[in-house]
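Please find below a set of numbered points on the model.

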Amino acid sequence: MVETKQSADHEHLPAKLGTEFITRFYRLLKGTAIYDRKNVIIDRLTQECLQVINDILRSEGTLFLKIVRDNFFLNNIRIPVKVDKYAILKGFWQEMRRRWIGELEFLTTVNGEQLKNIIYLLSGLEENNESNYLYVKKQLENQHIDVFDIGKLEFFRDEEIYVDSEDQKNFSKEVYFKSIDLVKEVVENIHQQKALNIRKAKRLMQNAVNAILQDESTLLGLANIKNYDEYTFNHSVNVAIYAIALGQRIGIPKRHLSHLGMAGLFHDIGKTRIPKEILNKTGKLSLEEWGMMRSHPIVGTEIIMRMKEWGGLSTRMIDAAFEHHLKYDLTGYPKLTRKRRITLFGRIVTVADFYDALVRPRVYNRFPYVSEKILGIMLDRSGKDFDPALVKVFINMIGIFPLGTLVLLNTNEMGIVVQIQEDAELIDRPKVCLLYYSDGEYRKGRVVDLREMDESKKDFKRSIIKTLDPNEYNMNVAEFVI
Ligand SMILES: [Fe+2]
Ligand SMILES: [Fe+2]
């Protein structure tokens with residue numbers, strides 16, 4: 001649980017900007033009822049509104065305003081209502097409700113003419129017509145405006161928005177499993193050569209970023225649990241999560257974090273072209289099969305280049321797809337004819353990918369590596385395979401005993417790591433949920449803090465002796481952590 005300054009800022013920023021956006025947008029909307037679009041006042045109001053829209057896009061990457069019941073959410077974070085703004089927010093809410101509009105989304109920066117078109121479209125809508133949003137969509141299409149989208153007001157659906165801390169875990173879980181579904185969908189679409197839903201992917205990664213900023217532990221916990229069935233899809237999502245969490249810790253701005261997530265999510269997209277038999281082969285690969293496996297960074301790059309829909313994002317995604325097996329000292333693959341420096345995104349995804357690939361027992365390695373061993377390997381290969389600075393930060397993030405690790409304590413108790421200490425010095429002293437055995441299964445006991453000292457005050461009360469394999473104990477770690 002990382003409650004840092006950052007997360008506080010992130011809550012603060014959208015709140016203020018959100019109120020500002022609504023205020024100016026509402027003013028402009030009201031202006032349209034009085035003035036025509038050539039009026040100077042409309043010009044001024046449009047400019048004022050543009051400014052805040054583009055500010056939000058610059059700092060947040062997206063502007064997605066959603067109404068749920070009588071609350072506004074900006075990029076899925078609720079906008080708190082200040083007393084002095086209550087009348088404005090309420091007024092805007094009524095205007096939107098009257099038109100059955102519940103979502104406004106600016107996808108990229110807009111210009112004055114586009115904004116005027118949008119606002120006059122909204123202003124002219126009929127009252128109480130549930131399909132207003134469809135009409136607007138159609139009109140936008142006719143006018144070739146693709147920088148803006150609109151959605152219907154939904155009175156009883158708010159599943160994508162969780163703000164209370166008790167809902168945070170559910171939000172994280174949902175992001176995780178939705179991301180897995182999305183990766184599946186993308187892979188299928190590639191096989192069938194269908195278009196991809198880029199916006200959905202972007203939105204999901206935005207949500208993943210929010211979830212990680214607010215509560216890192218749940219998503220990292222989900223990524224660390226190793227007993228899911230569908231390795232390939234989980235792997236992509238895990239790499240995205242590790243990459244975002246790592247990026248966050250080294251101070252990559254929020255608007256770039258979701259791009260990093262996308263880069264992580266699709267780093268192995270080239271594998272969609274490799275036959276399943278080779279991908280899942282447990283025996284030794286032939287020379288030819290190895291060649292095929294090793295072609296996936298180049299194939300991935302080609303696939304991404306062909307997907308025009310990604311727009312400006314594609315360069316970052318190509319970096320990750322192309323570079324994630326190159327290694328820090330460029331001794332990996334594909335072989336380069338000209339030396340280049342690996343990009344930051346490439347270096348981050350390399351670390352995330354390596355860790356997640358080894359932590360899993362499937363496919364690549366028949367024996368599950370425990371996390372401390374992998375982190376040891378990474379430390380060992382730091383400067384050769386990996387960026388040394390990133391390895392350090394990554395190890396601190398994962399902890400020697402990551403969330404969900406089953407451990408044996410010197411008191412002969414068994415437990416599951418449920419929280420990592422923030423202090424890097426205490427990385428081997430996480431909080432552990434003790435387990436007890438009754439009625440044929442392991443059950444949750446109390447949570448103990450391994451920092452706790454014994455009576456003599458000279459020694460720790462409990463210490464980890466070793467990690468255990470949950471499969472040997474027939475245990476589903478997920479149930480204990482989530
Ligand atoms: Fe790969
Ligand atoms: Fe990978």
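**Notes on the predicted model**

1. Helix H5 (residues 132–142) has as its buried residues Asn132, Tyr133, Val136 and Leu140. Buried here means under 20% relative accessible area, with exposed over 50% and partly exposed in between (1.4 Å probe, protein chains only). Viewed down the axis of H5, these buried residues fall within an arc of 95 degrees, so they line one face of the helix; the arc is that of the directions from the helix axis to the C-beta atoms. An α-helix has 3.6 residues a turn, so residues three or four places apart point the same way. Helices (H or I, at least four residues) and strands (E, at least two) are DSSP runs, numbered from the N terminus.

2. The cover over the buried residues of H5 includes helix H3 (86–99), strand E4 (101–106), helix H4 (112–123) and strand E5 (148–152). Contact is counted for heavy atoms within 4.5 Å. Histidine 144, which follows H5, has a positive phi, near 55 degrees.

3. On conventions: this is a predicted model, in which local features need pLDDT of at least 70 and side-chain atom pairs count only at pLDDT 80 or more, while totals for chains, interfaces and linings use all residues. Residues are numbered from 1 along each chain as its sequence is written, chains are lettered from A and ligands numbered from 1 in the order in which they are written, and side-chain values use heavy atoms, with hydrogens and water left out.

4. Overall, the protein has 18 helices and ten strands. Of its 482 residues, 52% are buried. Among contacts with a separation of 6 or more, 67% are between residues 24 or more positions apart.

5. Which residues hold the iron ion (ligand 1)? Its protein donors are Asp268 (OD), His296 (NE2), His324 (NE2) and His325 (NE2), at 2.1 to 2.3 Å. Donors are N, O and S atoms within 2.8 Å of the metal (3.2 Å for Na, K and Ca); water is not among the atoms, so sites may look incomplete. The spacing of these donor residues in sequence is D-x27-H-x27-H-H. Aspartate 268 counts as buried at 10% relative accessibility, and histidine 296 does so at 2%.

6. The iron ion (ligand 2) is coordinated at 2.1 to 2.3 Å by His235 (NE2), His267 (NE2), Asp268 (OD) and Asp353 (OD). Along the chain, its donors follow the spacing H-x31-H-D-x84-D. Here too the pair links distant parts of the chain, with histidine 235 in helix H9 (residues 231–249) and aspartate 353 in helix H15 (residues 344–359), 118 residues apart. Both histidine 235 and aspartate 353 are buried.

7. Aspartate 268 bridges the iron ion (ligand 1) and the iron ion (ligand 2), which lie 3.5 Å apart. The site of the iron ion (ligand 1) is irregular, with angles of 84 to 171 degrees among its four donor atoms. Around the iron ion (ligand 2) the four donor atoms subtend angles of 77 to 173 degrees, which makes that arrangement irregular. Four donors count as tetrahedral if all angles lie between 85 and 135 degrees; four count as square planar and six as octahedral if opposite donors are over 155 degrees apart and all others between 65 and 115; anything else is irregular.

8. Methionine 397 lies in helix H17 (residues 388–398) and is buried, with a relative accessible area of 3%. Leaving aside neighbours within four places in sequence, methionine 397 is in contact with Glu216, Leu220, Tyr242, Ala245, Leu246 and Arg249.

9. Five strands form an open antiparallel sheet in the order E9-E8-E7-E6-E10. Its edge strands, strand E9 (441–449) and strand E10 (464–468), each pair on one side only. Two strands pair if DSSP finds at least two bridges between them. E8 and E9 pair over seven bridges, and they form a hairpin with two residues between them; aspartate 439 in the turn has a positive phi of about 50 degrees.
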